[in-house]
Amino acid sequence: MHNKRIARAKINLSLHVVGQREDGYHLLDSIVAFADFGDELTFAPAEKLDLRISGPFGSGLSDGKDNLILRAAQRLSTGQGAQIDLLKNLPVASGIGGGSADAAATLLGCAELWRMPNSFDFALDLGADVPICLRSQTLRMQGIGDVISPLWCLPALPMVLVNSGDAVSTPEVFSRLRSKENAPLGKMPNAEMTIGAAVAWIAQQRNDLEQAATDIVPRIADVLATLHGSGAELARMSGSGASCFGLYPSIDAAEMAAMEISKRQPNWWVRAGVLGD
Ligand SMILES: C[C@@](CO)(OP(=O)(O)O)[C@H](O)COP(=O)(O)OP(=O)(O)OC[C@H]1O[C@@H](n2ccc(N)nc2=O)[C@H](O)[C@@H]1O
Ligand SMILES: Nc1ncnc2c1ncn2[C@@H]1O[C@H](COP(=O)(O)OP(=O)(O)O)[C@@H](O)[C@H]1O
């Protein structure tokens, strides 16, 4: 009856802002991949909906109705309850979609517990990143997150993810963006690439939110410089920040770099892992 899910961290390998809708939401063109680590959620039968939170980033996160987990469960429930336990391993409000990944894991976990079909046409209302987190696979995201296409050309990518402890508000970053109409993603290769070719192609793309986020949190520039200094072949911010990732030629190189960064910056959150399906 119980079930357990990993809400994998989402990384925007590139994020182009290509326009703005009349309701203020920005149109994106983004390549998204998922890490092999994330928050851990368990779902068990219960009379009512209840959420318990633990883990390194659990304190300060509300376990009330505003938590995306309870919002997702409430939206799906037709009266059923569940005991949901969250081990919050991912930093909050950090551009890696932890809240959206938790919401997506909750929809899947509760649907299994309640023997309901996996059909969540309301997912986008919970957050722009929830539909992609339901897929948790490498993909291209367009529109505001509602247009999703699979991507086969990227190999598994060794990476290090770093957060300096600075939370950034997504709406604030978007509101500071100077140019709202930028070039879309470059032409996509149609055959699977080597790690080197993939990194070279990703390097030609951009994160259009990086400058606006760095204006709010100047330390993002230090995080990027540290990743470059640790041997990353590419370093970039994810989402609206402030987490940044580096890509490396091998998992050994990524693990060595993570150890080196942790030694130099013991207060930063640093994780080595692999991005891909
Ligand atoms: C920017 C992205 C890129 O993957 O990632 P994060 O930085 O959040 O991880 C996402 O689009 C974020 O998705 P999500 O965090 O679910 O956003 P939402 O809760 O729907 O939106 C929060 C607010 O951000 C702004 N917003 C969000 C998405 C978008 N395409 N345009 C926007 O202008 C709006 O002001 C909105 O009210
Ligand atoms: N389960 C949850 N995990 C993380 N954040 C949550 C959750 N529920 C609600 N939130 C709220 O959602 C906002 C965005 O959080 P998050 O998804 O971590 O950001 P981002 O997409 O930038 O990584 C935060 O301000 C946080 O307070």
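Student: Which element gives the largest share of the shell around ligand 2?

Tutor: A shell is read by asking which elements its residues belong to, and in this predicted model the largest share of the shell around ligand 2 comes from α2, which gives four residues. Helices α1 and α2 each supply at least two residues of that shell.

Student: Which residues come nearest to ligand 2?

Tutor: There are 17 residues around ligand 2, and those that come nearest are Asn67, Leu68, Gly98, Gly99 and Asp102. Sorted by class, the shell around ligand 2 holds ten polar residues, six nonpolar ones and one charged residue.

Student: How do α1 and α2 pack, and at what angle?

Tutor: A helix pair is read from the angle and the distance between the axes, and here α1, residues 68-76, packs with α2, residues 98-113, at an angle of about 35°, the axes being 8 Å apart. The crossing of the two helices is right-handed. On the side of α1 the contact is made by Leu68, Ile69, Arg71, Ala72, Ala73 and Leu76, while α2 brings Gly99, Asp102, Ala103, Thr106, Leu107, Cys110 and Ala111. Taken by class, this contact of α1 with α2 has nine nonpolar, two polar and two charged residues. Leu68, Gly99 and Asp102 take part in the helix contact, and they are also among the residues that come nearest to ligand 2.

Student: Which feature does UniProt place at residues 67-131?

Tutor: An annotation is read together with the structure of its span, and the unreviewed UniProt entry places the feature "domain: GHMP kinase N-terminal" at residues 67-131. In the model this span is 48% helix and 11% strand, and its end C-alpha atoms lie 17 Å apart.

Student: Into which domains is the protein chain divided?

Tutor: The chain is divided into domain 1, residues 3-143, and domain 2, residues 153-275, and the centres of the two, taken over C-alpha atoms, are separated by 21 Å. Their contact takes 27 residues from domain 1 and 34 residues from domain 2. On the side of domain 1 that touches domain 2, strands β1 (3-20) and β2 (26-46) each supply at least two residues, and β1 gives the most, with eleven residues. That side of domain 1 divides into 15 nonpolar, ten polar and two charged residues.

Student: Why does ligand 2 lie between the domains?

Tutor: The reasoning is to ask which domains give residues to the shell, and since domain 1 and domain 2 both give residues to the shell around ligand 2, that ligand lies between them.

Student: Where does ligand 1 lie, and which residues are closest to it?

Tutor: Ligand 1 also has a shell to which domain 1 and domain 2 both give residues, so ligand 1 lies between them. It is surrounded by 21 residues, of which Gly127, Ala128, Pro171, Gly239 and Ser240 are the closest. Strands β1 and β2 and helix α5 (170-175) each supply at least two residues of this shell, which by class has twelve polar, eight nonpolar and one charged.

Technical notes:
Residues numbered from 1 in each chain as written. Chains lettered and ligands numbered in written order. Predicted model: local features only at pLDDT ≥ 70, side-chain atom pairs only at ≥ 80, totals over all residues. Axes fitted to C-alpha atoms, helices over the stretch in contact; angles between N-to-C directions. Left-handed = near helix turned anticlockwise from the far one by under 90°. Contact = placed C-beta atoms within 7 Å. Nonpolar A, V, L, I, M, F, W, Y, C, P; charged D, E, K, R; others polar. Near = placed C-beta within 6 Å. Domains from an automatic or database assignment. UniProt positions renumbered as here; feature names shortened; annotations may be inferred.
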